[in-house]
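Here is a short briefing on one protein model. Look at the structure first, then read on.

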Amino acid sequence: MGTRVTVLIVAATVSCALGTGLYMQKRADEMRGPGPVAVSAPGTLPSEPDTGKLVLQDLTFTSAAPVVRPSRPDAGAVTDPAAGCFADLTVTPAKDAFLQVEIDAPCHAGERFTLHHSGLMITESLSPAGTYSGQVPAMAAHSVVLADFATGRDLEASARVVDFDRVERVALQWQGHSGLELHALEFGATYGDEGHVWAGSEPGRGAGSVELLGDPDQIAPHLLQVYTLPQSAALGDADVSVEAEITAMNCDRTISAQLVERRGDHLRTRDLTLNMPDCSAVGDFLVLNNLVESLKIAAN
């Protein structure tokens, strides 16, 4: 039986002058099939000096794959004498250049808050006891984390990450239910192979990992997916793509996101705006290639 192919006009804008390949893919148990069909659509490139038209091409349907409390050397604490409340935030280094974040704020039990670090934002909530334990990907050697509460009583703490230069990292963040995902194909892998890493893949399927951070059950939460590739991995390239499942919640809408990459000692942040297809395409996927330069593991 042949593969049904439908041409859709999809506009996307990114604040960088990179070629972007766009694909449509049908969800199935097995991975991608053939059948490219070209399509193009205009888009502006707002923040680069050499702006112009962004051409999205190579549109095709393919198959899709279906992801001891530490010591407290540097803590931030706030006390409200009038209410007799004490709140404490602790940040400590964790494996693979992550930050372990601990909050103890009994008077804020169950309260929603947003973690901020180097432009990243992650929405979470405290437990009924007023505690939280989670991780944030470090994007700087000296990392500062802020917990922003709706009541305005913010907490701040910092930590120095000694293994910061031993990982390559790309983060994708958005607000609400965008359907966006990060996928990495490591060292020549194809979809479904060992080395195809995403938030839904089993642990250990690749040298790196993709983590989903944030509470999707919150109202309009700030969510984050981050791909981390240790420098101890095998030599080669990891190709990272941004994908979006077309759902009833995002079809026929414009969704926005940010890509945050660490390149050497610098952070590179780019805005992404994607006009999703109409709701007849629910269940399909968009794949935006070449937004992220390949991460390279090279011999020292």
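Cysteine 85 and cysteine 107 form a disulfide, with sulfur atoms 2.0 Å apart; a disulfide here is a pair of cysteine sulfur atoms within 2.5 Å. The model is predicted: local features need pLDDT of at least 70, side-chain atom pairs count only at pLDDT 80 or more, and totals for chains, interfaces and linings use all residues. Residues are numbered from 1 along each chain as its sequence is written, and side-chain values use heavy atoms, without hydrogens and water.

**First disulfide**
- The torsion about the S-S bond of cysteine 85 and cysteine 107 is about -90°, so this disulfide is left-handed.
- Cysteine 85 sits in strand β6 (residues 85-94), and cysteine 107 in the loop between β7 (98-104) and β8, 22 residues apart.
- Strands (E, at least two residues) are DSSP runs, numbered from the N terminus.
- Cysteine 85 has 15% relative accessibility, so it counts as buried.
- Buried means under 20% relative accessible area, exposed over 50%, and partly exposed in between (1.4 Å probe, protein chains only).
- Cysteine 107, at 46%, counts as partly exposed.

- Cysteine 251 is joined to cysteine 279 by a disulfide, S to S 1.9 Å.
- This link of cysteine 251 and cysteine 279 is right-handed, with 75° about the S-S bond.
- Cysteine 251 is buried at 5% relative accessibility, while cysteine 279 is partly exposed at 42%.

**Strands**
- An open antiparallel sheet has 4 strands in the order β9-β8-β11-β12; strands pair if DSSP finds at least two bridges between them.
- Its edge strands are β9 (120-125) and β12 (155-160).
- In strand β21 (residues 284-289), 5 of 6 residues are buried.
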